[in-house]
Amino acid sequence: MSAHLADDRLTGFRTALDAARASWSGDGTAVLATGSDYLPDEPVPIQVRKRGRRWDFGDGGRAVQLAGRPSGWLAVAERVVAEEGMNVNRAGVVFVAAVERPDRDLAVLALRLGDVSRAVYAELIELE
């Protein structure tokens, strides 16, 4: 992916995140497009939840679901997310939590999570 496309994805995600935040009265939840796809016509969405200064980002388990939960999926998913400092739970949700700080770019973190979700999907379909 070119830097220009990455910049376009980041700008689009920031715009969507800012719009979601503007509609919340402090805390809130939204599902936002990341500008990437698992498959054609199958976008990678990220669920965003804000509670106070805490932000939770997750893929809703979509990567594991789309891959069909192949045998051994959890071990593979744990390996992939660990390489990027993310998490996966037994329900198959790829997620990360963060505390809001001035030096933390939450949009970049959310897009990284989307990319990790795509990587989990790619690894899992190789198991079949």
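**Exercise 1. Which residue in E2 does Ala33 stand opposite?** Describe the pairing around it.

*Solution.* The model is predicted: local features need pLDDT of at least 70, side-chain atom pairs count only at pLDDT 80 or more, and totals for chains, interfaces and linings use all residues. Residues are numbered from 1 along each chain as its sequence is written, and side-chain values use heavy atoms, with hydrogens and water left out.

Step 1. Helices (H or I, at least four residues) and strands (E, at least two) are DSSP runs, numbered from the N terminus. Two strands pair if DSSP finds at least two bridges between them.

Step 2. Find the partner. Ala33 stands opposite Pro45 in E2.

Step 3. Strand E1 (residues 28-39) and strand E2 (residues 42-51) run antiparallel and are joined by eight bridges.

**Exercise 2. Find the order of the strands in the sheet, and say which strands stand at the edges.**

*Solution.* 

Step 1. Follow the pairs. E2 is joined to E3 by five bridges, and the two run antiparallel; here Lys50 stands opposite Trp55 in E3. Another five bridges join E3 to E5, again antiparallel, and Arg54 has Val99 in E5 as its bridge partner.

Step 2. Write the order. The sheet is open and has five strands in the order E1-E2-E3-E5-E4, with antiparallel pairing.

Step 3. Look at the edges. E1 and strand E4 (87-88) each have a single partner strand, so one side of each is left without a neighbour in the sheet.

Step 4. Recall a general rule about strands. In a regular strand, side chains alternate between the two faces of the sheet.

**Exercise 3. Which residues take a positive phi, and where do they lie?**

*Solution.* 

Step 1. Take the hairpin of E1 and E2. There are two residues between the strands, and Asp41 takes a positive phi near 65°. Asp41 is not a glycine, and its place is in the loop between E1 and E2.

Step 2. Check the surface. Buried means under 20% relative accessible area, exposed over 50%, and partly exposed in between (1.4 Å probe, protein chains only). Asp41 is exposed, with a relative accessible area of 77%.

Step 3. Take the hairpin of E2 and E3. It also has two residues between the strands, and Gly52 takes a positive phi near 65°.

Step 4. Take Arg69. Its phi is near 45°, a positive value in a residue other than glycine. Arg69 lies in the loop between helix H2 (62-67) and helix H3 (73-83). At 40% relative accessibility, Arg69 counts as partly exposed.

**Exercise 4. What lines the largest pocket?**

*Solution.* 

Step 1. Define the pocket. On a 1 Å grid over the protein atoms alone, a pocket is an open set of points where a 1.4 Å probe fits, with protein on both sides within 12 Å along at least five of seven lines; lining residues have an atom within 4 Å of a point.

Step 2. List the lining. The residues are Thr29, Gln47, Val48, Arg49, Arg54, Asp56, Phe57, Gly58, Val93, Phe95, Val96 and Ala97.

Step 3. Assign them to elements. E2, strand E3 (54-58) and strand E5 (94-99) each give two or more residues, and E3 gives the most, with four.

Step 4. Look at two parts of the lining. E3 is mostly covered, as four of its five residues are buried. Phe95 lies in strand E5 and, at 29% relative accessibility, counts as partly exposed. Phe95 and Ile46 are 49 residues apart in sequence, but 9.2 Å apart in space, C-alpha to C-alpha.
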